[in-house]
Amino acid sequence: MRDKELRLALICYGGISLAVYMHGITKEQWHLICASKSRRDGEMSDRGSRRIYQALLDEIAETADLNLRVMIDIVAGASAGGINGIFLSQAIATGQSLEPLTDMWLEKADVQALLSPDAAPGSKFTKLWALPIAWMAERREQGVEDTLDAATRDEVRTKLEHFVRARWFEPPFGGAQFLNMLFDALEAMRSGEKTGRLLPDGQPLDLFVTITDFGGHPERLRLNSPEEVIETEHRLVCSFTDSGSGDSAVGHPAELAFAARATSSFPGAFPPFMVAELDKVLEQRDMEWQSREPFLRRVLPRQYRANVIDTVVLIDGAVLVNAPFAPAMAALRERPARRHVDRRFVFIDPVPGLRFGISREPKRKPGFFQTIIGALSELPRQQPVSDNLEAISERSEKIERMLAIVEAIRDEVENQVVSLFGYTLFLDYPTTKRIVAWRNRAHSVAVEKAGYTHAAYGQLKVDGIIDKIAELLHSVAQLPGPDDERRLRAAIARTVEQRGARDFSVTQSGGISPATLNFLRSLDLSFRIRRLRLLARRITDLDADCVEAELQPIRDAVYESLAAYLELERTASFLDLKAEICAMDKDAGPILDRLAARMNLTELDAQTDAWLSEGFSKLSKELRRPILLAYLGFAFFDIATLPLLQGEGLGEFDPIRLDRISPEDAVAIRTGGAEASLKGIQFNTFGAFFSRAYRENDYLWGRLHGADRMVDIVVSTMPPGRRLASGRVAAIKRELFHAILDEEAPRLRASSALFDSLRAEIG
């Protein structure tokens, strides 16, 4: 069967107490990827929804000849979404279970557990005059308990009164208490059930959590006049990477707790986070944090340099970046590929468009205080969601245009190759020596045919290599800001000029100088990757017209070769060069030579030629012809399309598709959005903190909505013209929903009425 990987980059928005709902969604996604891994390993699961997911993947395989593996390899989150992203990533990297996290949300994400002991009212007589405020808040949330019994209404009323009478003008929730809850959950996961890592060996997992630096840190901006100015930057991204080799782990528990506590420091509810708070909790728990200094140096580089780590104040990451698409998009550059990839960006938005009181009544003119409060704390400071979605869309459109150009000129390119070698080319055995000779000859003719445009193409290639190397060195050295990357790029560009490595003069033999040729042969990694990706694309195009087994040898050769080149794009491959990079001054020559020696592209090229030769030799003459034409014609294609790509390889070389998960999108059971299903939206999205029944409601709906949408996403990977039988998707969802209800009924003790209602609706 055709192999395909459905790779999900998961973006988790903030949502305060709707973290419980998002946990339900991420847990269902965890069940799906667990089921996918078990199926790949030849294991059958009889647990809850996993059994249904395995059956769905089997049915897709039978219907569409598609062997699909589902994985999550990029996670980015803010605030409540950041917490869920951290725990999900830990489960993916280590094979630990998310079940203990469910217990934490249901039992401890409660206003009474979160209240700081110093903030709680001293007695039942404390601030009696504040009770009418609680009553007003309760009446304002109409329909808050429509499906809940009297006991739950009493619980909400009591806890709301308790909360309103708590300490005012200081955050009521305790930071140290929350840290201890996080540590307890991480420890429970570590001590619980454990399976294997949920990603293939060598497949990295990247996690990004946004944080807001309350005081800010200086950033230099280059202008015409004055030459530079200093701006204060408040956005921080705390990143973690699990390379997938050796003992997998996202990070030390203290580092994960640092990120979770900082990203969720919702202003006014939690006290701002400082490193001293974490140090104190670690001391109380008698926990060691040996990686403390390297971690703080990495995530707070400017503050560490200035020796002000102890005074840094961090607050909720959603204040400035509630939808962290940008770091997730950047992570695409270091993705390996061993088979065809269907890349999705899936974002969880629990209540689309909700701003506390601003959007709920759009036709009503806001009052004085509502306007002031909204301007100060609720209106987004920027529009990262639309901006980043547009960037993803533009990237995909650019790839689509490039593929259309390739298809439009394919006949002409193939004619050029045929006229160069003749039809007897496809009768010859494709030995390694012949493949090299054929490729070099085709490349020379492509350069000759391009004329003066080859010089522009060549300059673009050199600039692209310089950019990639500067980006790699900057990442390896873990330097703090864009100024350092610009400095590195300037040094590399200066060395390239001094070595005469960007001479594409037409007076040169073949239109290129020996120094430039040596530079490209030793460091032009992107060219090799683009060539193999285009070849993989051509093989995929031929899938529909042949038996999969016929293409498997050449497909394996291409992806095996591609994986080796992609490994050289990863930061982790060069971490031992950090000291040399930091010591580099204006001469980048030594570090370029070190990189060239480490990459050893000449040897890797020889190995690739051997793999491809073997793959080509196993093809029939009919299949060998179009694939060999695509391979030998690559130089023609690249000269035509690289300007459109602006010098980059565009990661996985496939368009990215976007999928959203929200109550508005999951309508298989009930329509009406969040208002029709979620309790956490009450009390300005603090509602789930006031009742276990509320949390159970939102967690269960999270699993159901997650299942609803993940089935849609998985089914959408099927090739055009292949569909499941009529009514099958709805039937699969019904079976999945009932499996979830059966699994959760013993745990969710306060929601019996909800279960009855859902079973009737599902049918």
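Predicted model: local features only at pLDDT ≥ 70, side-chain atom pairs only at ≥ 80, totals over all residues.

Student: What makes a negative surface patch here, and which residues form the patch?
Tutor: The patch is formed by Glu390, Glu394, Glu397 and Glu400.

Student: Why is aspartate 605 called buried, and which residues does aspartate 605 touch?
Tutor: Aspartate 605, which lies in helix H24 (residues 601–617), has a relative accessibility of 15%; since buried means under 20%, aspartate 605 counts as buried. Leaving aside residues up to four places away in sequence, aspartate 605 touches Arg528 and Tyr565. The C-alpha atoms of aspartate 605 and tyrosine 565 are separated by 9.3 Å, although the two residues are 40 apart along the chain; contact, however, is judged on heavy atoms within 4.5 Å.

Student: How do you know that the side chains of aspartate 342 and arginine 657 meet in a salt bridge?
Tutor: The N to O distance between the side chains of aspartate 342 and arginine 657 is 2.8 Å, and because the limit for a salt bridge is 4 Å, the pair counts as one. Aspartate 342 lies in strand S6 (residues 340–348) and arginine 657 in strand S7 (residues 657–661), so this pair ties together parts that are 315 residues apart in sequence. Aspartate 342 also meets arginine 344 in a salt bridge, with an N to O distance of 2.8 Å.

Student: Are aspartate 342 and arginine 657 buried or partly exposed?
Tutor: Aspartate 342, at 7% relative accessibility, counts as buried, whereas arginine 657, with a relative accessible area of 39%, is partly exposed. Arginine 344 is buried, as is aspartate 342.

Student: What makes the contact of glutamate 744 with arginine 747 a salt bridge, and at what distance do their side chains meet?
Tutor: Their side chains meet at 3.0 Å, N to O, and because the cut-off is within 4 Å, the pair counts as a salt bridge. Glutamate 744 and arginine 747 are both buried, and they belong to a network of salt bridges that also links Lys27, Glu28, Glu99, Asp103, Arg703 and Glu743. A search of the whole structure finds 50 salt bridges.

Student: Why is helix H4 described as largely enclosed by the rest of the structure?
Tutor: Seven of the ten residues of helix H4 (residues 99–108) are buried, so the helix is largely enclosed. The buried residues are Glu99, Pro100, Leu101, Thr102, Met104, Trp105 and Leu106, and what covers them includes helix H1 (19–40), helix H28 (692–715) and helix H29 (728–744).

Student: Which residues of helix H19 are buried, and what do they pack against?
Tutor: In helix H19 (residues 514–523), Thr516, Phe519, Leu520, Ser522 and Leu523 are buried. The elements they pack against include helix H17 (453–477), helix H20 (525–541) and H24.

Terms used
Residues numbered from 1 in each chain as written. Heavy atoms only, no water. Patch = residues over 30% accessible without salt bridge, like charges linked within 9 Å, V, L, I, M, F, W, Y side chains within 5 Å. Areas by Shrake-Rupley, 256 points an atom, 1.4 Å probe, with all protein chains shown as cover. Lys, Arg positive; Asp, Glu negative; His and termini not counted. Charge placed at Lys NZ, Arg CZ, Asp CG, Glu CD. Helix = DSSP H or I, 4+ residues; strand = E, 2+ residues; numbered from the N terminus. Buried < 20%, exposed > 50% of the residue type's maximum accessible area, 1.4 Å probe, protein only.
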